[in-house]
Amino acid sequence: MSAAVPALEVEHLSFAYGPRKALDGVGFRVQRGECAILLGPNGAGKSTLFSLVTRLYDAPAGQIRIAGRSLRQDSCAALARLGVVFQQPTLDLDLSVAQNLRYHAALHGLSRKEAELRIREELERQGMYARRDEKVRQLNGGHRRRVEIARALLHRPVLLLLDEPSVGLDVPSRKALVDYIHELCRSRDLAVLWATHLIDEIGEEDSLIVLHQGRVRARGMVREVLAGQGVETVSAAFHRLTAEGEA
Amino acid sequence: MKPLHYLRALRGIVARELYRFLHQRERFISALVRPLVWLFVFAAGFRSTLGLAISPPYETYILYEVYITPGLLGMIQLFNGMQSSLSMVYDREMGSMRTLLVSPLPRWFLLSSKLVAGVAVSILQVYVFLSIAWAYGIEAPAEGYLAVLPALLLSGVMLGALGLLLSSFIRQLENFAGVMNFVIFPMFFMSTALYPLWKIQESSELLYRLAQWNPFSQAVELIRFALYGQFNGMACGYTAGATALFLAAAILGYNPSKGMMQRKGGA
């Protein structure tokens, strides 16, 4: 993929549940190697945006492209370049770590041999290879998340979507997760779109997308957004950008 | 996408379903206990009160247990289809359905593969049940055990597709009790699983019509004839038609542009 083609391109995206507008003309880009943090209060439209980018359903208006492939017109090619870690744990608890990963590899058409190589590589990278034959039920929350991230990377995606992956993790596990994701962006040139409401997870080198009431309220590198709002902390910028409509 | 990709994905989905089933021993046992109770208790109790005339595919007078066996095979598949549907609603609530739907393959293929995986599990259950019934003395002709396999495939896909269709409408697990009351029980009792059509007609013309048009009746008759090495063209055509209808509606239900999920806003 050419470096000029954004890993994720969202244009004029709108979506409504009946009369209630969830997204209204949303647009942004995430480049390779960029870690974009999607911030927004509850009900801002983050979940809807993730449902649309994972093509759970289609938006009637707007366009989503993953690595230059239209999600609507060329959905299989677009989804092949996407890795996702959902907010809810989605591993089969009664299957082993390796069985869960093999299932994912099969869905992405990897051969058995290739799958075993990549499973080993991804699990070793996160110190989980020795536990590959354990049932997921036996793992703690932090380790399950590591397995989910390994799974999302098995097919070498261009874009990684993370939907509040640190929810429910203790402080050391959260820190390890944040560090690992940032390292992935640097070492693999991976683009990450990370939905969170935990401001302390945001690094200085990250970019920010602030979503509120279905609209993008700010977009840019952290320092640009802070400068634009005339504040010194992400927390202050966030409160200022999402104050409208609050009781 | 290459054909090999489709094949690997199908193999992966079926293997996952079989692993899950084998890991959940309680599910395996409870799936067998239900029809066995019907066979050993219900059918034995009714043996003396229900007289059955000779009717195809049977060539002699038969015991009620023999009559009810194909119906119980259908019952295993009916419950399995609904169980799959329940697990899809559960998967959707838990989010694991999304890991399937986000795969780079057409949605119709992913859903059909999930269906095939469910049918593979139901056929495994059916053959275990048939072997217990055989040990109990309910024997079909040897070739019938092989001939019934394609019939079980078709009926399994039909009932699985119905389950899939229902799962696209049901948003929460709690609503599933309604499916039991409004779908499974009426389908089972208003069918030829427990009594032949002519017997139903003696009691009520309306019930007879309902049972006749019930796709589950046709699936049971397809299985019944196949188990005795015979082909019932009408039952096969009807079951195939119902399969196509249910499957098309289910795929539409999960369609990203037109489906029910979009309207409900849930995964």
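**Close-up 1. Val84(A) finds its bridge partner in strand E7 of chain A.** That partner is Leu161(A). The model shown here is predicted. Strand E7(A) spans residues 159–163 and pairs with E6(A). The two run in the parallel sense, joined over four bridges.

**Close-up 2. Six strands of chain A form an open sheet.** Their order is E6-E7-E8-E3-E9-E10, and the pairing is mixed. Strands E6 (82–85) and E10 (215–221) of chain A stand at the edges. Each has a single partner strand, so one side of each lacks a neighbour in the sheet. From one strand to the next, the twist averages 15°.

**Close-up 3. Helix H6 of chain A packs on the sheet.** This helix covers residues 171–188. Its contacts are with strand E3 (35–39), E7 and strand E8 (191–196) of chain A. The direction of H6(A) makes about 155° with that of E8(A).

**Close-up 4. Helices H5 and H6 of chain B pack against each other.** H5(B) holds residues 107–136, and H6(B) holds residues 142–169. Their axes lie 8 Å apart, at an angle of about 135°. The two helices are therefore oblique to each other. The crossing of H5(B) past H6(B) is right-handed.

**Close-up 5. Side by side: the residues where H5(B) meets H6(B).** From H5(B) come residues including Leu111(B), Val119(B), Ile123(B), Tyr127(B) and Trp134(B). H6(B) contributes, among them, Tyr145(B), Leu152(B), Gly156(B), Gly160(B) and Leu164(B). The contact residues comprise 16 nonpolar, two polar and no charged.

How values were computed. Residues are numbered from 1 along each chain as its sequence is written. Chains are lettered from A and ligands numbered from 1 in the order in which they are written. This is a predicted model: local features need pLDDT of at least 70, side-chain atom pairs count only at pLDDT 80 or more; totals for chains, interfaces and linings use all residues. Side-chain values use heavy atoms; hydrogens and water are left out. Axes are lines fitted to C-alpha atoms, for helices over the stretch in contact, and angles run from 0 to 180 degrees between N-to-C directions. Angles under 35 degrees count as roughly parallel, over 145 as roughly antiparallel, 65 to 115 as roughly perpendicular and the rest as oblique. A crossing is left-handed if the near helix is turned anticlockwise from the far one by less than a right angle, and right-handed if clockwise. Contact means heavy atoms within 4.5 Å. Ala, Val, Leu, Ile, Met, Phe, Trp, Tyr, Cys and Pro count as nonpolar, Asp, Glu, Lys and Arg as charged, and the others, Gly among them, as polar. Two strands pair if DSSP finds at least two bridges between them.
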